[in-house]
Amino acid sequence: MTDTPSSVPPTRRIASVQARRVWDSRGRPTVEVEVATAAGARGRAIAPAGASTGSGEAVDLRDGGVAFGGHDVRRAIAGIDASIAPALVGRDVSAQAELDAMLVALDGTHDRSRLGGNALVATSMALAHAAAASAGRPLWAWLAGDAPAMLPLPEIQIFGGGAHAGGRLDLQDFMVVAVGADDWRTALDWTAEVYRAAGRLLADAGRLQGVADEGGFWPAFDDNEQALTMLTRAIEAAGLRPGEDVAISLDIAASNFGRGGRYRMARADGRPRELESGELAELLLGWLRRYPVVSIEDPLAEDDLAGLAAFTAAAGPRVQVVLDDAVVTSASRIRAHAAAGAGNTALIKPNQAGTLTESLAALEASRALGWDAIVSARSGETEDTTIVHLAVGWGVRQLKVGSFARSERMAKWNEGLRIGESLSEGFALPPRSAFPWG
Ligand code: 2PG
Ligand code: MG
């Protein structure tokens, strides 16, 4: 049980919970929550927002109507003021699991639609920051406790497509992973060079159209595979060895163009085509053979369990098959997919679940099954760097944040540079042998 207000010492007693409306990287309103203890410790966090969302995610509470395209969050803010703040004031800020359970109970819906996943996640993360501050520790250290902490291997977007680039490419994220880098700083250095090289190659080819939602280049290719060819060339142009130093990671985000085992691609091989589940799997498996791809996310749609299982088996144990839309940071969904042989790695996005406690449960479920996990940002982000602390503090070995441009992304990479200065392992990354491609 949570302590009654009178028995909680001022250092840990929640004195105020303040919600405010701030703006995200797409210029849309979002929710910020600031928690203060009676002794003056403060914690603050901002809800991110997805664009290619899984159908089972916690739902953001948005106002609808015409203002800001219906994305305003005044009702979510009002719910924090009216229901969440009064319930939390006086409680022990360090009792994260109990406070998160209280948030879930206050909402009372299966999809967090009454108070909003945005209200819940901003509150849950702000509580964690305030608890860490009240203990005088950085959030990563508060979460890690006595466990060893290490920086995660970054997964960084170079080209954006799909729902983040007006559907210009069918695939959503063309990312790089510095598989040969021993430390965080080297991984960022190499990625910066690949990003620059990719921009130059695109501009020279007359195919650079700006940047997509997560800061990756928005390329005007006629065919998804051209992006793979150019990304491989960009790694080489940066003086790095494809597959040895830097490898490719893809988020197909197939739920965006497929349902019921049928996939409508605008540029499967340069022309519109409808593919069956098995045909899409064959197309992707061909790319795995021809390009240095080590990780592939949502290769088939969230409703295509059989297709996901068949693809995971065909790709083999050296390929990381990441599930996002199908498992939406839910422990029970991760268990169900693992039982079916679908996927081997879970994407962990706190706002898909709603609270940190549920996100941690999803992470623990994936670990218990022998799956790996990746903490991930959303396509709509802010200066909030909580996810970097979660990855380090929870001992997650990989982190996906978007590209190597735009400050809502760079804030996360830069936070890793600060955290590394305090870690006993310094900037070291998990050894290559820790990963399927090792
Ligand atoms: C994803 C994320 C990040 P969104 O699909 O993994 O790329 O996108 O936040 O739009 O769901
Ligand atoms: Mg995804």
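Me: Helices (H or I, at least four residues) and strands (E, at least two) are DSSP runs, numbered from the N terminus. What is the phi of glycine 395, which follows α12?

Reply: This is a predicted model, in which local features need pLDDT of at least 70, side-chain atom pairs count only at pLDDT 80 or more, and totals for chains, interfaces and linings use all residues. Residues are numbered from 1 along each chain as its sequence is written, chains are lettered from A and ligands numbered from 1 in the order in which they are written, and side-chain values use heavy atoms, with hydrogens and water left out. Glycine 395 comes after α12 with a positive phi, near 70°.

Me: How many residues of α12 are buried?

Reply: Buried means under 20% relative accessible area, exposed over 50%, and partly exposed in between (1.4 Å probe, protein chains only). The buried residues of α12 include Thr386, His389 and Gly393. The helix is mostly covered, and its buried residues number eight of eight.

Me: With which side chain does the side chain of threonine 386 make a polar contact?

Reply: Threonine 386 belongs to helix α12 (residues 386-393) and is buried, at a relative accessible area of 1%. Contact means heavy atoms within 4.5 Å; leaving aside residues up to four places away in sequence, threonine 386 touches Ala45, Met125, His129 and Leu139. A polar contact is a pair of N or O atoms within 3.5 Å; within protein, one must be able to donate a hydrogen and the other to accept it, and residues adjacent in sequence count only if both atoms are side-chain atoms. At 2.6 Å, the polar partner of the threonine 386 side chain is the side chain of aspartate 384.

Me: What percentage of the exposed area of ligand 1 does the protein bury?

Reply: Counting a residue as near when one of its heavy atoms lies within 4 Å, 15 residues surround ligand 1, and the closest are Ala51, Glu214, Arg378, Ser379 and Lys400. Oxygen atoms of ligand 1 lie 2.7 Å from an N or O atom in the side chain of glutamate 214, 3.0 Å from one in aspartate 324 and 2.7 Å from one in arginine 378. Taken alone, ligand 1 exposes 310 Å² (Shrake-Rupley method, 1.4 Å probe), and the share buried by the protein is 100%.

Me: Why do the buried residues of α2 lie on the same side of the helix, and what arc do they cover?

Reply: Those residues are Gln96, Leu99, Asp100, Met102, Leu103 and Asp107.

Me: Is threonine 329, which has a positive phi, buried or exposed?

Reply: Most residues other than glycine have a negative phi. Threonine 329, in the loop between β13 (320-323) and α9 (331-339), instead has a positive phi of about 55°. With a relative accessibility of 2%, threonine 329 counts as buried.

Me: What is the phi of aspartate 298?

Reply: Aspartate 298 sits in the loop between β12 (293-297) and α8 (305-315) and is buried, with a relative accessible area of 2%. Its phi is positive although it is not glycine, with a value near 40°.
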